[in-house]
Amino acid sequence: MKQTERERRHQQNLQRIQHVQQLVGVGDRTRIDHEGTLIEQARMLEEEICSHRATEAGLAALARLLHLLEEGMSPHVREAAAFVTAIRDVTPLPLPTLRGPDVATADDMLAVLDAFRYGRVSLVEHVEGGARRVGKALEKVRVRGR
């Protein structure tokens, strides 16, 4: 799914949220709770906007991490490879992995974790180049022996 498709879905979700109504009462006494509706819409809008931002930022950050792996010139390739492997395989990651790299690389890792937390899309599948690019980048690191 490309960014335009994700943006289209985001806009559809925003439109859907505008039509949410919270009802109270039972049977013939059911009515729209206008205050509750506004509160619920605000909560849903915040969640959708935060999720969309985190997903887009996380995909951009994952692309930068993959570029770092593909170049292989950074002294932090090993930490980045361990992180990307953990994201791809959904496996535990030792927390010190986040402390080793430089600030920019660590910030990218945290952006990816934030996107992973929202879990709207598979980051590995939706990053530019998809799972194939991720596999090739990790294989390059393995072959180099870093």
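**Salt bridges in the predicted model**

Asp108 is buried (under 20% relative accessible area, where exposed means over 50% and partly exposed lies in between, with a 1.4 Å probe and protein chains only), its own relative accessible area being 12%. The model is predicted, so that local features need pLDDT of at least 70 and side-chain atom pairs count only at pLDDT 80 or more, whereas totals for chains, interfaces and linings use all residues. Residues are numbered from 1 along each chain as its sequence is written, and side-chain values use heavy atoms, with hydrogens and water left out.

Side chains of opposite charge can pair when their charged atoms come close. A salt bridge is defined as a side-chain nitrogen of Lys or Arg within 4 Å of a carboxyl oxygen of Asp or Glu. Twelve salt bridges are counted by this rule.

Asp108 forms one of these with Arg64, at 2.7 Å from N to O. This pair joins distant parts of the chain, as Arg64 lies in helix α2 and Asp108 in helix α4 (residues 103-118), 44 residues apart. Helices are DSSP runs of H or I with at least four residues, numbered from the N terminus. Arg64 is partly exposed, at 44%.

A salt bridge of 2.6 Å (N to O) is found between Arg6 and Glu56. Here helix α1, which holds Arg6, is linked to helix α2 (residues 34-71), which holds Glu56, across 50 residues. Arg6 is buried at 10% relative accessibility, and Glu56 is buried at 17%.

Within helix α1 (residues 3-18), Glu5 and Arg9 are four residues apart, or about one helical turn. Their side chains meet at 3.4 Å, N to O.

Key. Helix = DSSP H or I, 4+ residues; strand = E, 2+ residues; numbered from the N terminus.
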